[in-house]
Amino acid sequence: MKPSRLLASSLISIVALNLSSCVSYGLSSVKAGQAEQEVALELGKPTHIYQDGDQHLWEYMRGRMAQATHMARFDHDGRLISYEQVLTLQKFAEIKVGSMDKNAVIKLIGAPGETAYYPRVALEAWSYPYKESGVWNSLMTIYFDQSGIVKKLENGPDPLFDPSERRLRF
């Protein structure tokens with residue numbers, strides 16, 4: 001086989017392997033109307049389960065590097081209503097400063113990847129790594145006051161992916 005064909009063949013194999021691994025990061029064929037048992041067989045055990053009125057949510061956090069959280073919403077009969085990636089600009093835009101609390105944020109976009117507390121300004125920060133527009137490594141941080149109400153949101157590049165932020169540790 002010619003070197004150029006061997007290289008092309010190798011590249012095609014790598015792309016195919018990468019695409020097949022996407023299934024483990026939330027791309028799924030679950031469909032509205034499926035029973036919880038069917039969804040559990042395909043997606044596995046959720047990282048968190050939340051009650052939302054007579055509905056419940058199964059959260060699938062995909063981790064810092066995957067930059068995704070998928071939420072499966074079930075009706076009171078245990079049938080899937082929706083399954084979606086919730087770490088998006090559209091979902092972040094639904095967060096209302098001054099009126100939304102931690103519980104509402106959790107039900108909308110799931111648990112944070114990291115938390116921090118800033119005593120000087122008395123704010124708790126929840127950070128969510130995500131791929132903005134499916135391209136940019138970003139970090140959305142939501143700040144809560146002492147009452148647990150959203151005070152502000154801050155979006156920017158994820159320092160984990162910034163080469164100038166990396167430090168050699170010995």
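**Core contacts and sheet packing in the predicted model**

Tyr128 contacts Leu87, Phe92, Val105, Ile109, Gly110, Ala111, Pro112, Ser138, Leu139, Met140 and Ile142, leaving aside residues up to four places away in sequence (contact: heavy atoms within 4.5 Å). The model is predicted: local features require pLDDT of at least 70 and side-chain atom pairs pLDDT 80 or more, while totals for chains, interfaces and linings use all residues. Numbering runs from 1 along each chain as its sequence is written, and side-chain values use heavy atoms, without hydrogens and water.

The largest nonpolar core has 20 residues. Such a core is a set of buried Ala, Val, Leu, Ile, Met, Phe, Trp, Tyr and Cys residues joined through side-chain atoms within 4.5 Å; buried means under 20% relative accessible area, with a 1.4 Å probe and protein chains only. Phe92, Ile95, Val105, Ile109, Tyr128, Ile142 and Val150 touch the most other members. Helix α4, β6 (123–132) and β7 (136–144) each supply at least two residues. The most come from α4, with four. A second, separate core of nine residues includes Val39, Trp58, Tyr60 and Phe74.

Four strands form an open antiparallel sheet, ordered β1-β2-β3-β4 (pairing: at least two DSSP bridges; helices, H or I, of at least four residues and strands, E, of at least two are DSSP runs numbered from the N terminus). β1 (48–52) and β4 (80–85) are edge strands with a single partner each, so one side of each lacks a neighbour in the sheet. The twist averages 20° from one strand to the next. Axes are lines fitted to C-alpha atoms, for helices over the stretch in contact, with angles from 0 to 180 degrees between N-to-C directions. Helix α2 (residues 36–43) lies across β2, β3 (69–74) and β4, at about 5° to β2. Helix α4 (residues 102–109) touches β1, β2 and β3, at about 95° to β3.

Methods: Buried means under 20% relative accessible area, exposed over 50%, partly exposed in between (1.4 Å probe, protein chains only).
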